Amino acid sequence: MPGGGRCPDCGSTELVEDSHYSQSQLVCSDCGCVVTEGVLTTTYSDEGNLREVTYSRSTGENEQVSRSQQRGLRRVRDLCRVLKLPPTFEDTAVAYYQQAYRHSGIRAARLQKKEVLVGCCVLITCRQHNWPVTMGTLCTLLYADLDAFSGTYMQIVKLLGLDVPSLCLADLVKTYCSSFKLFQPSPSVPAKYVEDKEKMLSRTQQLVELADETWLVTGRHPLPVITAATFLAWQSLRPSDRLTCSLARFCKLANVDLPYPASSRLQELLAVLLRMAEQLAWLQVLKLNKRSVVKHIGDLLQHRRTLVRKAFRDGTAETEPQEKELQEQGQGHREGLCSSLGPGPGAEVRRNAARPGLEGVPSLGARERVAYIHIPWDGLSLRLLGEWRLSPAPGLNWIHYCCRPGGASLLVWSRWHFQRHQPSEDRTWAARPCVVHRPWWVPVYGVMRSSTS
Amino acid sequence: MDADSDVALDILITNVVCVFRTRCHLNLRKIALEGANVIYKRDVGESVVDLAAYTVSYGPRCRLTRVTGGLLSLNRSEEEAKFGARRLARSLQKLGFQVIFTDFKVVNVLAVCNMPFEIRLPEFTKNNRPHASYEPELHPAVCYRIKSLRATLQIFSTGSITVTGPNVKAVATAVEQIYPFVFESRKEIL
């Protein structure tokens with residue numbers, strides 16, 4: 001407060017130095033009269049110290065909730081209400097939206113992206129609470145396409161640094177199945193198509209678990225698998241009436257969209273069930289095909305654990321009797337698992353029957369171009385190509401093998417580990433010893449697969 | 001696995017993307033009209049010199065795309081990339097441009113690797129939480145990022161892995177790093 005100044009209007013000495021938009025002024029604090037104004041122009045040296053203030057900082061727009069952000073928050077709440085989520089989800093989703101909005105990339109994004117962001121926040125909240133909501137449902141609700149949704153989703157997960165657990169399949173089955181309108185008779189759904197919810201749910205869950213165990217679910221969109229499983233479950237509960245109904249018609253009856261991959265998933269699931277059916281003695285006689293196996297799904301599901309184990313372990317053993325026949329016929333057949341390597345014509349097969357149970361293993365110290373190895377232990381019979389030698393003494397349990405010239409690498413697969421070696425650089429017959437430790441009574445397994453560069 | 005067992009996997013390099021400068025202005029129209037094996041893509045504003053039929057037996061499959069900053073060449077391995085780029089620069093020289101081959105740099109390497117086993121993806125993502133991201137609704141593979149190497153691996157359930165990285169060494173290191181994790185979540189042959 002400078003001394004000796006008086007306000008011209010009211011005469012008080014209370015003059016305050018105030019700045020109005022960075023222009024310093026002397027203002028009387030009683031009447032508000034502006035006594036002196038600061039210099040309107042600055043000197044050259046003064047201008048050097050000035051800093052440009054960006055619009056976003058000077059207006060403070062980031063601290064306030066902008067109109068589009070308010071709109072977005074309202075949409076988040078509406079979406080949660082439409083999906084009938086518990087009230088705590090709403091608050092979490094709103095918090096995520098606000099957190100995302102603080103990043104400049106989101107704040108300056110197009111309105112379309114902000115729309116999709118609403119869905120992403122809701123999806124993240126649901127996933128974290130293990131509430132099954134698919135991206136497809138959110139996209140249809142938001143009228144957005146999946147590409148935009150997925151792009152924004154990946155971006156927001158990275159920006160916020162969130163750990164989003166994956167979709168819970170069991171819960172998804174429950175919600176998805178409940179949406180099928182087959183549990184009450186109606187004008188479009190005849191009585192014989194109506195089904196009890198609990199039975200269908202449990203059977204669908206078992207089928208989905210089966211699909212999971214047999215590698216039909218990994219890497220694929222879960223919804224078509226569940227559709228196919230529901231269809232099969234529904235058919236199997238009353239096969240006599242329902243076998244005539246196709247998958248498309250079923251979905252129309254149930255008032256559910258048919259996802260495009262569902263028909264191929266259905267075929268795959270039927271193939272798995274057929275393989276399992278081959279293990280059951282009383283079903284082998286019946287010679288089932290894809291339509292008739294539906295009738296026996298109940299039995300198959302009851303024993304599914306043992307059947308799956310047997311079917312898919314014996315699956316690899318099925319090649320064994322075929323290979324045995326090939327061996328009998330001689331060296332004509334080069335096909336099989338090692339077709340790409342293909343030894344030269346005139347290669348001989350010598351079998352060593354000196355040790356029972358080790359047929360096909362060449363005699364000790366012999367060099368073979370091609371050898372068939374019969375492994376009675378678990379029924380695999382494969383072919384080892386290339387030069388190889390057994391260890392010189394029968395007690396020692398290691399082998400050497402060499403790479404074939406031409407650059408192919410061989411794989412020796414044993415019970416405990418497998419090895420695969422690159423061909424040597426100079427591409428000669430240089431031996432690259434591969435030491436495989438195994439008990440003496442276990443014969444060597446042959447080549448599972450080879451690759452040509 | 002035994003201590004002395006050594007697993008060597010085949011890493012097949014499918015693509016090497018590199019950039020080099022020619023230090024001269026290239027008239028795209030002239031290249032398109034007079035050059036051999038050229039596809040002129042007008043809408044993108046690029047001129048693509050395609051040398052796929054250059055030498056079939058040994059030579060690389062080489063494709064040169066002129067982008068505003070420099071020239072990209074796609075190839076099979078790093079040395080071949082450099083040879084291919086030089087070859088392309090030479091053919092441009094023959095067209096009459098004063099080309100100086102400078103600033104050769106390999107930008108991206110794409111490789112494919114096949115594991116002998118199948119991989120359980122949900123288990124794998126659970127064990128490797130921050131780096132691995134798996135959205136079955138969007139993409140069938142797990143996307144695993146190694147920040148230190150700036151490499152991205154896409155791991156499929158069949159066991160094939162696609163790796164992209166800044167150079168071949170990074171790609172090989174990435175595969176080595178991922179192998180133990182992938183081995184844990186493999187499908188056991190019953």
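The legends below describe close-up views of a predicted model. Residues are numbered from 1 along each chain as its sequence is written, chains are lettered from A and ligands numbered from 1 in the order in which they are written, and side-chain values use heavy atoms, with hydrogens and water left out. Local features need pLDDT of at least 70 and side-chain atom pairs count only at pLDDT 80 or more, while totals for chains, interfaces and linings use all residues.

**View 1. Overview of chain B.** Chain B has four helices and ten strands; helices (H or I, at least four residues) and strands (E, at least two) are DSSP runs, numbered from the N terminus. From the N terminus on, the order of these elements is β-α-β-β-β-β-α-β-α-β-β-β-β-α. Of its 190 residues, 43% count as buried, where buried means under 20% relative accessible area, exposed over 50% and partly exposed in between (1.4 Å probe, protein chains only). Among the contacts in chain B with a separation of 6 or more, 57% are made by residues 24 or more positions apart; a contact means heavy atoms within 4.5 Å.

**View 2. Strand β8 of chain B and its two partners.** Strand β8(B) covers residues 142-146, and four of these five residues are buried, so the strand is largely enclosed by the rest of the structure. Two strands count as paired if DSSP finds at least two bridges between them. Strand β7(B), residues 132-134, pairs with β8(B) in the antiparallel sense over three bridges, and Ser133(B) stands opposite Cys143(B). Strand β9(B), residues 151-155, also pairs with β8(B) in the antiparallel sense, over five bridges. Here the bridge partner of Val142(B) is Ile155(B). β8(B) and β9(B) form a hairpin with four residues between them, and Arg150(B) in the turn has a positive phi of about 55 degrees.

**View 3. The buried side of helix α9 of chain A.** Helix α9(A) spans residues 169-178, and its buried residues are Leu169(A), Leu172(A), Val173(A), Tyr176(A) and Cys177(A). They cover an arc of only 120 degrees around the axis, which puts them on the same side of α9(A); the arc is that of the directions from the helix axis to the C-beta atoms. These buried residues pack against α10 (197-213) and α11 (222-237) of chain A.

**View 4. Thr227(A) in helix α11.** Thr227(A) is part of helix α11 of chain A. Its relative accessibility is 0%, so Thr227(A) counts as buried. The side chains of Thr227(A) and Tyr176(A) are joined by a polar contact of 3.3 Å. A polar contact is a pair of N or O atoms within 3.5 Å; within protein, one must be able to donate a hydrogen and the other to accept it, and residues adjacent in sequence count only if both atoms are side-chain atoms. Leaving aside neighbours within four places in sequence, Thr227(A) is in contact with Tyr176(A), Cys251(A), Leu258(A), Pro259(A) and Ala262(A).

**View 5. Nonpolar cores.** A nonpolar core is a set of buried Ala, Val, Leu, Ile, Met, Phe, Trp, Tyr and Cys residues joined through side-chain atoms within 4.5 Å. The largest one has 57 residues, of which Leu182(A), Leu232(A) and Leu300(A) touch the most other members. Helices of chain A that each supply at least two residues of this core include α13 (247-253), α14 (262-277), α16 (297-302) and α17 (304-317). Apart from neighbours within four places in sequence, Leu300(A) is in contact with Leu273(A), Met276(A), Ala277(A), Leu280(A), Leu283(A), Val293(A) and Leu307(A). Another core, of 32 residues, lies apart from the largest one and has Leu73(A), Cys121(A), Phe149(A) and Ile156(A) among its members.

**View 6. Aromatic pairs in chain A.** The whole structure has 14 aromatic pairs over all chains. Rings of Phe, Tyr and Trp (its six-membered ring) pair if their centres lie within 6.5 Å; planes under 30 degrees apart count as stacked, over 60 as edge-to-face and the rest as tilted. Tyr97(A) and Tyr101(A) form a tilted pair, 5.7 Å centre to centre with 35 degrees between the planes. They are four residues apart in helix α4(A), residues 87-101, and so are separated by about one helical turn. Both Tyr97(A) and Tyr101(A) are buried. The ring centres of Tyr193(A) and Trp234(A) are 5.2 Å apart and the planes lie at 65 degrees, so this pair is edge-to-face. Tyr193(A) lies in the loop between α9 and α10 of chain A and Trp234(A) in helix α11, so the pair ties together parts that are 41 residues apart in sequence.
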